[in-house]
Amino acid sequence: MTTATKKTSAAYETVIGLEVHVQLQTATKIFCGCSTRFGDPPSTNVCPVCLGLPGALPVVNRQVVELAVRAALALNLEVRQRSQFARKNYFYPDLPKGYQISQFDQPLAELGWLEVEVPQPGGQKETYTKRVSITRLHIEEDAGKSLHDQHPDKTFVDLNRSGIALMEIVSKPDMRTPEEAGAYIRKLRTILRYI
């Protein structure tokens, strides 16, 4: 590392916060009865609800809420007595409704934490405990998938993923090293796979 690089690096502090999207293992999508099976032919697991057709009414999948509450409790989050879905408007070619059903100001759960064991720098065997605060956990639907590798001049869209249930877990920017971020994400993954 050059002297200039060392001086530049010393002038900045590493601050890491993570937003993690977790696909929930449900047999059906978050707001309809369409299959979540992977590998089916493109745009075959769709219906008026996940396509956002006029007059279609979404109904939340109970299992999605149960899995999200279980995750919230495992991450020491406070589950809110009332949460609410909202429309997040943005244009993606693979977002059939032109908006995503998500949670904004009233998420399912908030204000939690996760303690992780982080290896000491320099390859030492000792570890230290780091508490990472978690701001919120909310549930939302996924968009479809743009396929750029099917034709040299065209992009195709597969809407099978549209409406798949996701959990979004947002940490505070409490981590200061890549090792802390790595320890956090590994422990988060282990907990979620276990529960």
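The second largest pocket is lined by 16 residues, among which F38, G39, D158, N160 and R161 lie nearest its centre. A pocket here is an open set of points on a 1 Å grid over the protein atoms alone, with protein on both sides within 12 Å along at least five of seven lines, and its lining residues have an atom within 4 Å of a point. The model is a predicted one, in which local features need pLDDT of at least 70 and side-chain atom pairs count only at pLDDT 80 or more, while totals for chains, interfaces and linings use all residues. Residues are numbered from 1 along each chain as its sequence is written, and side-chain values use heavy atoms, with hydrogens and water left out.

About 250 Å³ of space lies in this second largest pocket, a volume being the space filled by probe spheres set on the grid points, which are joined across faces, edges and corners. Its lining has five nonpolar, six polar and five charged residues, where Ala, Val, Leu, Ile, Met, Phe, Trp, Tyr, Cys and Pro count as nonpolar, Asp, Glu, Lys and Arg as charged, and the others, Gly among them, as polar.

The largest pocket has a volume of about 440 Å³, and of the 15 residues that line it, V22, Q23, Q25, L192 and R193 are the closest to its centre. Ten of its lining residues are nonpolar, two polar and three charged. Strand 1 (19-23), helix 3 (62-74) and helix 4 (178-194) each supply at least two residues of this lining, with the largest share, five residues, coming from helix 4; helices (H or I, at least four residues) and strands (E, at least two) are DSSP runs numbered from the N terminus.

M167 touches, among others, V20, V22, L67, A71, L137, I139 and L192, not counting residues up to four places away in sequence, with contact meaning heavy atoms within 4.5 Å.

Turning to the strands, ten bridges join strand 5 to strand 6 (residues 127-141), which run antiparallel, and V116 has K130 in strand 6 as its bridge partner. Strand 2 (residues 78-79) and strand 5 (residues 109-119) also pair in the antiparallel sense, over two bridges, pairing requiring that DSSP finds at least two bridges between the strands.

Conventions. On a 1 Å grid over the protein atoms alone, a cavity is a set of points where a 1.4 Å probe fits but cannot get out, and a pocket is an open set with protein on both sides within 12 Å along at least five of seven lines; lining residues have an atom within 4 Å of a point.
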